[in-house]
Structure formats: C-alpha cells, structure tokens
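Reader: I am new to this structure. Could you walk me through a few of its features?

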Amino acid sequence: MDAITRLRPDGLVRSPAFSHVAVVPPGATTIYVGGQNGVDESGAVVSSDAAEQSARAIDNAATALAAAGATLADVVQWTVLLAEGADLGAAYGAVAQKLASDGEPALVTAAIVSALGVPGALVEVSAVAAVLPG
C-alpha cells in the first residue's frame, strides 16, 4: 500500500462532505494538530460570526500543518466543535471550498458543545494528517 485510502463503504450514509474510514500505510508521517479557533496571531477572536471564525480556524490549521510539512489535502480526519447556537450552515459554507478534495474527503467528527475554552469562540477544529515518504 503506497497511498492513503479513504472509504465510503456501501451500507453507510454517502456524503460528499466526509468519508467513514481511512487507511494510512506504514511509513507515513502522522501529524496531529491541536484545537484551532478563529483567532488572530495575538489570540483575539477575529469576529462574532461563525463563518469568519470557521474560515480563520481552518487557516490556522493550515498554518500549523505547513509548519510540519503538510497541507489541508493531507488531513485524514477533522474534529469540529461548535458552540451551542453557532450557525452550522454558515460555518460549513465558509470552509467547504478549502476542504474540497480531488478524491474522497477526510473523515469528520463534529459536536455541538455548551462552550469552548476561548471566550467568544464559536468553533474549534483539530486534525490528524498523514504524509507519505518521498
């Protein structure tokens, strides 16, 4: 196996937004990105808007991935936490193009929570990425 394989097996809901299974071959470098909020480089929340926060959170994740030699395309799994009351449709709409994939999409786990650790934050994302050697 020389590629990361993402699967959307028959018998499970089929969505263009996510896959259900990912198989990472031996020898790949695994990269873990901790929770990223919609904050600027000083830690200030960029907006009270879920769409703007979501876009910045993904941009922050992309910056973290780049520091480890990876891109958004290398993400195998996303975890998305939304604060209760945040507009899920607006949040997803703001990042869908950034997360689009030529192949099968990454796995996604999402939850609505009562609050996040950063005051004023409406969204937090974390990621697991894998980069093949060579």
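This is a predicted model: local features need pLDDT of at least 70, side-chain atom pairs count only at pLDDT 80 or more; totals for chains, interfaces and linings use all residues.

Reader: How many salt bridges does the structure hold?

Author: Side chains of opposite charge can pair when their charged atoms come close. One of the pairs here is arginine 8 with glutamate 104, at 2.4 Å from N to O. Counted over the structure, the number of salt bridges is 3.

Reader: Is arginine 8 buried or exposed?

Author: Arginine 8 sits in the loop between strand E1 and E2, and its partner glutamate 104, 96 residues apart from it, is in the loop between H2 and strand E5. Buried means under 20% relative accessible area. Arginine 8 has a value of 19%, so it counts as buried.

Reader: Which residue forms a salt bridge with glutamate 41?

Author: Glutamate 41 lies in the loop between strand E3 and helix H1, and its partner belongs to helix H1, so the pair ties together parts 15 residues apart in sequence. Glutamate 41 is exposed, at 73% relative accessible area. With the closest N and O atoms 3.2 Å apart, the partner is arginine 56.

Reader: Which helix holds the partner of lysine 98?

Author: The side chain of lysine 98 meets that of aspartate 59 in a salt bridge of 2.6 Å, N to O. Lysine 98 is in helix H2, and 39 residues separate it from aspartate 59, which is in helix H1.

Reader: Which residue caps the N-terminal end of H2?

Author: Helix H2 covers residues 88-99. A side-chain oxygen lies 3.1 Å from the backbone nitrogen of glycine 89, and that oxygen belongs to the capping residue, aspartate 87.

Key:
Residues are numbered from 1 along each chain as its sequence is written. Side-chain values use heavy atoms; hydrogens and water are left out. Helices (H or I, at least four residues) and strands (E, at least two) are DSSP runs, numbered from the N terminus. The expected span of a helix is 1.5 Å times one less than its number of residues. A polar contact is a pair of N or O atoms within 3.5 Å; within protein, one must be able to donate a hydrogen and the other to accept it, and residues adjacent in sequence count only if both atoms are side-chain atoms. A salt bridge is a side-chain nitrogen of Lys or Arg within 4 Å of a carboxyl oxygen of Asp or Glu. Buried means under 20% relative accessible area, exposed over 50%, partly exposed in between (1.4 Å probe, protein chains only).
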